[in-house]
Protein chains: 2
Amino acid sequence: MTVGIKEVARKANVSIATVSRVLNGSASVTQETKERVMAIVGELNYMPHAIGRALVTHKTNLLGVILPDVHSEFFSELIRGIDHAARERSYHIIVSSTHSNKKEIESMLGVMQGGHVDGLIVMSPHISADGVLKRLSPRSKLVFVNSYTNGGKFVSVAIDNFNGAYRMVDHLIGHGYEKIAIIKGEESNFDAQERFNGYLQALKKHRIRRISELEINGNFTEESGYDGMMKILKLKTKPTALFCANDSMALGALRAMHEKDIIVPGEIALAGFDDIPSAQYVLPSLTSVHVPIYELGTAAVESLLDEGKGDAPGGRKKILNTSVVKRESCGCPPGTRERVKGI
Amino acid sequence: MTVGIKEVARKANVSIATVSRVLNGSASVTQETKERVMAIVGELNYMPHAIGRALVTHKTNLLGVILPDVHSEFFSELIRGIDHAARERSYHIIVSSTHSNKKEIESMLGVMQGGHVDGLIVMSPHISADGVLKRLSPRSKLVFVNSYTNGGKFVSVAIDNFNGAYRMVDHLIGHGYEKIAIIKGEESNFDAQERFNGYLQALKKHRIRRISELEINGNFTEESGYDGMMKILKLKTKPTALFCANDSMALGALRAMHEKDIIVPGEIALAGFDDIPSAQYVLPSLTSVHVPIYELGTAAVESLLDEGKGDAPGGRKKILNTSVVKRESCGCPPGTRERVKGI
DNA sequence: ACACGCAATGTAAACGTTTACATTACATAT
DNA sequence: ATATGTAATGTAAACGTTTACATTGCGTGT
């Protein structure tokens, strides 16, 4: 039997309304009664029942977060960013690490419509936001993270995959490499697609023809990087550099090259994307594109909760800068570990 | 204006009680009415309001998870484990990645007492569970993960830090090393303490005297590993092996040794704890103690939710096995990558 | 034909708050 | 003294469900 507002009211000789007012500071209450009530509250260790409150206020102070299967650093940094920003606004977060399962997403959406959360942060790189879009009551608080949001009907935040890849490949070309292979992510993946586009754009800028046999399919796993590299090593004319659409695949490719005694970057230069922690510990250290994951999380919360601060009412898209981190694997001298900021 | 049970009831020409019964399958309803109601439910896309329901059932199907600042893989794997086990039981999880801040924990505890969550999973390696213990209503559903739980009044799950460290150091001694240094975690940290105890126990078993200058303080960060190693390298008599209480510090130590051109494991062998992903990619690959993080999460949920399955009612403690993963850094031949399972 | 039991459904209270509206008490203006 | 405004507090409805209890209708045994 937990102590409720009624018991507090009785012991303090006031009505429950007054107790409520004291607790919320919502209306004028005598200093004396205020103290009396607070004393009882402390004495009974009373805590307002969040559910009862939520039922009438229609506010749970809970945010839903739906994530696909992302690598652990992305996951934890994103959650930390979201959580921190949420806590600042006195929200808690409900996390659902679905595997991009459409049914899971809709289940969560259900939880939301069910009134359990005040807003939703969704990252679904595999599924078009459109599918989700339809089921939504138009007034739903919702923000997409790194997802397709064609139409622009929804709020979204994303990292600048395109420019990150573009600048990285541009950097590789700056080293003098021309035959630059790429191990891509899955075509259905939003990030992967954008990164590939950045790669193509960089080639285009320097008038380098794309060679389809240098465009290898991968799926963001270490294995697929290893396998992709093995394919590349079987080509008659090997590339002089390899850009992997993420670091896991770059690590896999590196392992393959170690096995085949290929010298990196001497024979083939290497660059990745994500700047995961391992990137700085492998030998040679891995040049990569740094992604502001934590900030992605805070930005999502800001977009969701800080409405009407002069923002346009319709769907907006916020893009966060990425930056090239030069290390050894691209051919930069060992000392060159400074970070090249994005524009 | 969202559609509620009343509207469904009206359109289906039944009372709200019947609609409720159909939705919950709680009592006998004619097949015919059942279908009629479900048709309307589908038509209106009605979803029960979770808050209203929770108010009367006293069940939110939400679990609170309070975590300190742990490394990203631990965080994400633990959450995945918890989330997966929770979803199987149709629970969602509220995550709070506090920084072991006592106030934060109590705030979360408040949310719980406030009725928002049905149970709580707490990991607080720095704070004695006792502090938290007092504020708790005795019937609170609560499980501790890798925390001090002296008294044993509460349910807890933990990994076998002691035996993991013990077996690892035993393995190092098996290689012939006798002067084995350790870089410890903070004394206030539960895991760190247990690991240190395992180290001591292994020395004791082999009648090796502890040498206090070989017991270096660290704090689980890469930097502290680096700094610790630098201290070790200044000793007159260097150790032949180093055991770090976690992999991050081992990576830091490795970096220091690379800088000073110390050959690993030739001059100094190295072993870590946690088996983080980087461990297998560094050169030499890092021998480490594997920790079943995902399982730790699922075990926590099981302990919390699967009560009365013949378990003792009082505080139980479940301990999950750890296992030594032999790689190159301890002196095992490069091919030896099989995993040594715990007892 | 009657009572009885049971299946199907309805009625209304309860869950723990907030808050619009009503009431009271009192100080001040007239 | 009376009216009036205002501050302090109380009353009760509302939020959206579930569920104990009441009611209805109908088949069955007598």
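Which residues of α9(A) are buried? I began my look at this predicted model with that helix.

**Helix α9 of chain A**

I found these buried residues in α9(A): F190(A), D191(A), A192(A), R195(A), F196(A), G198(A), Y199(A), L200(A), A202(A) and L203(A). I then looked up what covers them, and the list includes the strands β5 (155-159), β6 (180-184), β7 (215-217), β8 (241-244) and β11 (317-320) of chain A, along with the helix α8 (161-174).

I noted the dimensions next. The helix runs over residues 190-205, which is 16 residues. Its span from the first C-alpha to the last is 23 Å, close to the 22 Å expected at 1.5 Å a residue.

I checked both ends. At the start of α9(A), N189(A) places a side-chain oxygen within 2.9 Å of the backbone nitrogen of D191(A). After the helix comes R207(A), and I recorded a positive phi for R207(A), near 55°.

**Chains A and B**

I laid chain B on chain A and got an RMSD of 0.1 Å, with a turn of 180° and a shift of 0.0 Å along the axis. The two copies are thus related as by a two-fold rotation axis. I also looked at the contact residues: 100% of those of chain B recur in chain A, so the same surface serves both copies. In chain B, the residue that comes closest to the rotation axis is I94(B), with its C-alpha at 2.1 Å.

**Cysteines**

C332(A) is buried, at a relative accessible area of 8%. C244(B) is also buried, at 0% relative accessibility.

**DNA strand D**

I counted 27 residues around DNA strand D, and the closest are S15(A), R21(A), T30(A), S20(B) and R53(B).

I listed some contacts to phosphate oxygens of the strand. The side chain of S20(B) has an N or O atom 2.4 Å from one. A polar side-chain atom of T33(A) is 2.9 Å from a phosphate oxygen. H49(B) uses a backbone N or O atom, at 3.1 Å.

Which elements give two or more residues to the surface near DNA strand D? I found α2 (16-24) and α4 (50-57) of chain A, and α2 (16-24) and α4 (50-57) of chain B. The largest share, five residues, comes from α4(B).

Conventions:
Residues numbered from 1 in each chain as written. Chains lettered and ligands numbered in written order. Predicted model: local features only at pLDDT ≥ 70, side-chain atom pairs only at ≥ 80, totals over all residues. Heavy atoms only, no water. Helix = DSSP H or I, 4+ residues; strand = E, 2+ residues; numbered from the N terminus. Expected span 1.5 Å × (residues − 1). Buried < 20%, exposed > 50% of the residue type's maximum accessible area, 1.4 Å probe, protein only. Contact = heavy atoms within 4.5 Å. Polar contact = N/O pair within 3.5 Å; in protein donor to acceptor, adjacent residues only side chain to side chain. Least-squares fit on C-alpha atoms with pLDDT ≥ 70 in both. Near = heavy atom within 4 Å.
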